[in-house]
Amino acid sequence: MRRSTSDWTATAVLEHLGELGTDENRQGMARFGIDASRAFGVPLSILRPFSKKLGKSPDLAGDLWASGFHEARLLAILITPPKAMTAELTQRWLDDIQSWDLCDQLTNVHARRADSGALVPVLAASEREFVKRAGFALIAWRAVHAKAAPDREFLGCFDLIRDASTDERNFVWKAVHWALRQIGKRSAELHGPAFELGEELARSEDRTARRIGRETVKELSSPKVRARLDLD
């Protein structure tokens with residue numbers, strides 16, 4: 001029997017996730033650096049359409065998050081509308097996160113709020129791996145979603161990027177790299193300054209900073225990026 005949206009309690013959702021999950025997917029999650037100790041093994045390609053069936057529901061999201069199961073928390077993020085994904089809720093959920101995919105999906109939703117930029121320096125200043133990652137993931141997502149934000153906002157992120165470029169932790173440096181690349185791809189006006197910072201980092205004595213710099217320069221030099229920004 002097909003359920004209506006109102007029939008989906010947290011208990012029913014967890015039971016359904018248990019039916020959808022596979023050991024093969026759980027093993028795949030672990031290979032991609034995702035903590036699968038409390039996971040059913042349900043891929044995002046299935047969770048996204050399921051979240052649309054559930055509809056936006058902050059109350060159900062809260063119950064799913066409290067369950068502690070990985071896919072339930074992904075669903076919680078997906079069914080929380082940006083207006084309900086406040087800075088307070090974002091920080092509270094980040095305190096529970098130990099996986100890059102939860103971090104990135106959470107910041108993806110929060111970045112759609114006009115005021116989300118205020119959280120960037122707070123998160124980026126943290127020494128906790130996934131909280132710090134969230135700060136730079138938020139920069140990257142805002143570069144995509146915050147269409148009305150002025151370019152000077154992103155120029156103001158360069159000091160944060162420079163300071164974090166020597167953090168060799170895998171999930172941190174990759175987010176720092178992601179943030180710088182997305183800034184450089186946001187507009188023709190930002191491309192030059194981001195490219196220059198990439199060149200600066202590529203000359204660094206620090207190995208992690210050099211890697212971020214080299215890969216940034218490589219991507220921002222690509223014909224595809226330059227053509228999209230009409231730089232040639």
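A contact is taken here as a pair of heavy atoms within 4.5 Å. On that basis, residues 24 or more positions apart account for 67% of the contacts in the protein chain with a separation of 6 or more. The structure is a predicted model, in which local features need pLDDT of at least 70 and side-chain atom pairs count only at pLDDT 80 or more, whereas totals for chains, interfaces and linings use all residues. Residues are numbered from 1 along each chain as its sequence is written, and side-chain values use heavy atoms, with hydrogens and water left out.

The secondary structure of the protein chain comprises 15 helices and zero strands, where helices (H or I, at least four residues) and strands (E, at least two) are DSSP runs numbered from the N terminus. For 232 residues, a compact globule would have a radius of gyration near 17 Å, and the 19 Å of the protein chain agrees with this; the radius is taken over C-alpha atoms, and the globule rule is 2.2 Å times the number of residues to the power 0.38. Along the principal axes, the C-alpha atoms fill a box of roughly 60 × 35 × 35 Å. The protein chain exposes about 11700 Å², of which carbon and sulfur atoms supply 50%, the areas coming from the Shrake-Rupley method with a 1.4 Å probe and, for residues, with only the protein chains shown counting as cover. Buried residues make up 50% of the 232 residues, with buried meaning under 20% relative accessible area, exposed over 50%, and partly exposed in between (1.4 Å probe, protein chains only).

The largest nonpolar core has 70 residues, and those with the most contacts inside it are Leu17, Leu64, Trp93, Phe136, Ile161 and Ile183. Helix 9 (residues 129-145) gives the most to this core, with 10 residues. A nonpolar core is a set of buried Ala, Val, Leu, Ile, Met, Phe, Trp, Tyr and Cys residues joined through side-chain atoms within 4.5 Å. When neighbours within four places in sequence are left aside, Phe136 is in contact with Ala124, Leu160, Ile161, Ala164, Ala175, Val176 and Ala179.

Helix 5 (residues 70-78) is largely enclosed by the rest of the structure, because nine of its nine residues are buried. Within helix 6 (residues 87-94) lies Thr90, which is buried, with a relative accessible area of 1%. Leaving aside neighbours within four places in sequence, Thr90 is in contact with Met85, Leu106, His110 and Leu119.

Aromatic pairs were assigned where the ring centres of Phe, Tyr and Trp (its six-membered ring) lie within 6.5 Å, planes under 30 degrees apart counting as stacked, over 60 as edge-to-face and the rest as tilted. By this rule the count comes to five aromatic pairs. One of them is the edge-to-face pair of Trp8 and Phe50, at 5.0 Å centre to centre and with 75 degrees between the planes. Because Trp8 lies in the segment before helix 1 and Phe50 in helix 3, this pair ties together parts that are 42 residues apart in sequence. Trp8 counts as buried at 12% relative accessibility, and Phe50 is also buried, with a relative accessible area of 5%. The rings of Trp141 and Trp178 have centres 5.3 Å apart and planes at 80 degrees, so this pair is edge-to-face. It links distant parts of the chain, with Trp141 in helix 9 and Trp178 in helix 12 (residues 170-186), 37 residues apart, and both tryptophans are buried.

The structure holds zero disulfides, a disulfide being a pair of cysteine sulfur atoms within 2.5 Å. The sulfur of Cys103 is 16 Å from the closest cysteine sulfur, in Cys157, and is therefore too far for a bond. Cys103 counts as buried at 0% relative accessibility, as does Cys157 at 7%.

Two exposed residues complete the description. Asp230, in the segment after helix 15 (223-228), has a positive phi of about 55 degrees although it is not a glycine, and is exposed, with a relative accessible area of 62%. Most residues other than glycine have a negative phi. Glu24 lies in helix 2 and is exposed, with a relative accessible area of 63%. The C-alpha atoms of Glu24 and His177, 153 residues apart along the chain, are separated by 31 Å.
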